[in-house]
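Please study the structure shown below before reading each solution.

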Amino acid sequence: MKFKDYYEILGVARGATQDDVKHAYRKLARKYHPDVSKDPDAEARFKEIGEAYAVLKDPEKRAAYDQMGSQWKTGQDFQPPPDWDAGFEFSGRDFGAGAGADHSDFFEALFGRHARAAQRAQMHAKGPDHHAKVLIDLADAYRGAQRSISLRMPGLDAQGRGTLQERKLDVGIPKGIRAGQHLRLAGQGAPGLGEGAAGDLYLEIAFKPDPQFRVDGRDVYLNLPLAPWEAALGASVAAPTPEGPVQLTIPPGSAAGRQLRLKGRGIPGSPPGDLYVVLAIVLPPANGESAQEAYRTMAKAFDFNPRTKMKGDPS
Amino acid sequence: MNPIAMTFIQGPVVEEEVHLTLVELCQACNAEEEHVLAWVFEGALEPVGESPQDWRFSGDSLRRARLALRLTRDLEINPPGVALALDLLDDIAVLRAKLQRIGVR
């Protein structure tokens, strides 16, 4: 297990006041909140910040953490000394930021038991609903699919410690589902207490990143590279779609960036989305005598200045 | 070949086929009723129906309410702030989609 320096994570001195800690947390939390930030590391950073704050904002936990001493550095191998928390009484109240979040092993080893014990004391009749995010292929949304997904569910072991349990579910992916939508699976959440029914499981759908297709709601976008003569003269070109290749007619005189709309070829539904083919023009490399000659011939054949619409054009 | 019967779990698409009551929305998000009432008051959530007992939230409210809850819990934002943040995040999502459409990542 690696030691975590919660002061370093929040960027405050060990002697910082509770107000300093709160101020530093809020600033970092706004910056790295996964709902706000597009930083790829945002989620990991945010978890770390929340964990640091959960300890330092609570005078009891902070005092217990502090008495391990300041000689520890982030990333150092660490085992909590036996009875490190002897003499500290945790009231277990106000877990606050990141409650129920999956904390690091380090946090769990120090504070896990107290947090869980407090949570267990609450009684619910119906089990809590659970949420999970699943990644599917774009093709699954076109056709519908049956997918085995594995979820890691936080649970409690016999000692009341938090563990992650692997769970496999076979789920029907309905045709026409879009990114950001949720599937509700009745009774697949946490078990109820006593006679209470189990909670539901909500699956948030996201698409695996695709090298070819971009998705915007129901609409799907594809970049299609063309040779200059195909764009100028028109052509019939095979283009991939999530439903398989189609033969596309490129109108003569197509400019780069032109969008061809294939109506109803986006994600199915009522109404279905559209598939947009965005044309790109790729120049063949002039890397040989005959290729260079061809470009020279072109230059002679056209009286063409691509910059005539520029302001202040000297030519 | 031995045919193996596999049962796949099916469920409705919340955004299209489900309307949630106040109680169901609170259960689904693990949110306090008073929070949801405050978000409705600020216009961050817009249920159909006269009184809280009759309210029906559209499926999309699930995403908004969960986002509102995370902002409340993680950033300690009050309900008017949550309503503003939700509106701004919606605007940003629209702008990002436009950028993506014209090929800017």
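**Exercise 1.** Identify the type of interaction in which the side chains of A:Asp35 and B:Arg70 meet.

*Solution.* The model is predicted. In it, the side chains of A:Asp35 and B:Arg70 form a salt bridge, with an N to O distance of 2.7 Å. The cut-off for such a pair is 4 Å. Across the interface of chain B and chain A, the rule finds three salt bridges. The rule also finds 16 residue pairs in polar contact across this interface.

**Exercise 2.** Determine which helix of chain B gives the most to the side that touches chain A, and describe that side by residue class.

*Solution.* Step one is to list the helices: helix 1 (14–17), helix 2 (22–29), helix 4 (60–75) and helix 5 (79–101) of chain B each supply at least two residues. Step two is to find the leading contributor, which is helix 4 of chain B, with nine residues. Step three is the division by class: the side of chain B that touches chain A has 16 nonpolar, five polar and 11 charged residues.

**Exercise 3.** State how helix 3 of chain A is oriented relative to helix 4 of chain A.

*Solution.* Helix 3 (residues 42–56) and helix 4 (residues 59–66) of chain A pack at an angle of about 100°, and their axes are 6 Å apart. Helix 3 of chain A is therefore roughly perpendicular to helix 4 of chain A. Helix 3 of chain A contributes A:Ala54, A:Val55 and A:Leu56 to the contact, while helix 4 of chain A contributes A:Lys61, A:Arg62 and A:Tyr65. By class, this contact has four nonpolar, no polar and two charged residues.

Definitions and conventions. Residues numbered from 1 in each chain as written. Chains lettered and ligands numbered in written order. Predicted model: local features only at pLDDT ≥ 70, side-chain atom pairs only at ≥ 80, totals over all residues. Heavy atoms only, no water. Polar contact = N/O pair within 3.5 Å; in protein donor to acceptor, adjacent residues only side chain to side chain. Helix = DSSP H or I, 4+ residues; strand = E, 2+ residues; numbered from the N terminus. Nonpolar A, V, L, I, M, F, W, Y, C, P; charged D, E, K, R; others polar. Axes fitted to C-alpha atoms, helices over the stretch in contact; angles between N-to-C directions. Parallel < 35°, antiparallel > 145°, perpendicular 65-115°, else oblique. Contact = heavy atoms within 4.5 Å.
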